[in-house]
Amino acid sequence: MEFPEIIDLNVGGRHLSTRVSTLTKYPGSKLADMFSGKYAIPQDKDGRFFIDADGDVFVHILNFLRHETLPPPDQAIDVNKYANIFGIEQLRAKLLKWEPVLKQALRDKWKREIDGYDDCLNQVREGLIASRYQRGHLYIQFTDSFQHVFSSCKVVGIPEGHQVINVKYSSNKTDGTSLVAFLNDDLKRMGIYLQPGDFRPKPECGCRVVLHYMIKSE
């Protein structure tokens, strides 16, 4: 596929123009590979080449490719994620010198290393949808056994009528403490906050722990 010297882009609805030499500045990057001519790139109805990304973030990728301009600090974490996606390691190297970006990058790395984390988070999301995501108290029961039947749980202290979500994870590969710590951070962004104290199931119950949260959705 051949590209003109000046290329028009549609990045998630934002229209941008640049030189193809800008997009291919760093050979070996995914972005350079995309516009190397080896692959067909979809075009919108006006002929702009479409990139399925947030244009307000991607523009900072372009600015770095043009003049090595770094993004504003409040957007650096999002831009670093795009630099990783598009393989712009030169930008990542500069952004990772900023402490907030480095901390977030490390957290993302550690989270990826928790086997089954995304599945556990999806179980919580599905439970929230099923419970209509109401305000108030929420309890999440964790078990490391996929054979466990939650209906047989014997947990003392959970008031009747409150929302309870059941989460299963793999015991031989998953550090439950790390999983819950990262899960708490993601839930906080959804307006769900961990409350003091937890509930320990009876020995005959297959649950490891039951945690208490408060939904404070807007």
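**Entry 1: salt bridges**

I started with Asp-44, which forms a salt bridge with Arg-48; their closest N and O atoms are 3.7 Å apart. This is a predicted model, so I'm keeping that in mind for every entry. Next I checked Arg-48 against Asp-46, and their side chains also meet in a salt bridge, at 3.2 Å from N to O. Then I looked at how these pieces connect: Asp-44, Lys-45, Asp-46 and Arg-48 are linked in a network of salt bridges.

I also looked up Lys-38, which has a salt bridge with Asp-33. The closest N and O atoms there are 2.8 Å apart. Is Lys-38 buried or exposed? Lys-38 is exposed, because its relative accessible area of 56% is over the 50% cut-off. Asp-33 comes out as partly exposed, with a relative accessible area of 27%. For my tally, the structure holds 11 salt bridges.

**Entry 2: helix α7**

I moved on to α7, which covers residues 117-130. How far apart are its end C-alpha atoms? They are 20 Å apart, and that agrees with the 20 Å I should get for 14 residues at 1.5 Å a residue.

Then I listed which residues of α7 are buried: Tyr-117, Cys-120, Leu-121, Gln-123, Val-124, Gly-127 and Leu-128. Looking down the axis of α7, I found these buried residues within an arc of 150 degrees, so they line one face of the helix. I reminded myself of the rule behind this: an α-helix has 3.6 residues a turn, so residues three or four places apart point the same way.

What does the face turned away from the buried side of α7 carry? I noted the exposed residues Asp-118, Glu-126, Ile-129 and Ala-130 there.

**Entry 3: the largest pocket**

Last stop, the largest pocket, with about 510 Å³ of space in it. I counted 23 residues lining the largest pocket, and those closest to its centre are Gln-104, Ala-105, Asp-108, Lys-109 and Arg-112.

Which helix gives the largest share of that lining? The answer is α6, with 9 residues.

Note on methods. Residues are numbered from 1 along each chain as its sequence is written. This is a predicted model: local features need pLDDT of at least 70, side-chain atom pairs count only at pLDDT 80 or more; totals for chains, interfaces and linings use all residues. Side-chain values use heavy atoms; hydrogens and water are left out. Helices (H or I, at least four residues) and strands (E, at least two) are DSSP runs, numbered from the N terminus. The expected span of a helix is 1.5 Å times one less than its number of residues. Buried means under 20% relative accessible area, exposed over 50%, partly exposed in between (1.4 Å probe, protein chains only). The arc is that of the directions from the helix axis to the C-beta atoms. A salt bridge is a side-chain nitrogen of Lys or Arg within 4 Å of a carboxyl oxygen of Asp or Glu. On a 1 Å grid over the protein atoms alone, a cavity is a set of points where a 1.4 Å probe fits but cannot get out, and a pocket is an open set with protein on both sides within 12 Å along at least five of seven lines; lining residues have an atom within 4 Å of a point. Grid points are joined across faces, edges and corners, and a volume is the space filled by probe spheres set on the points.
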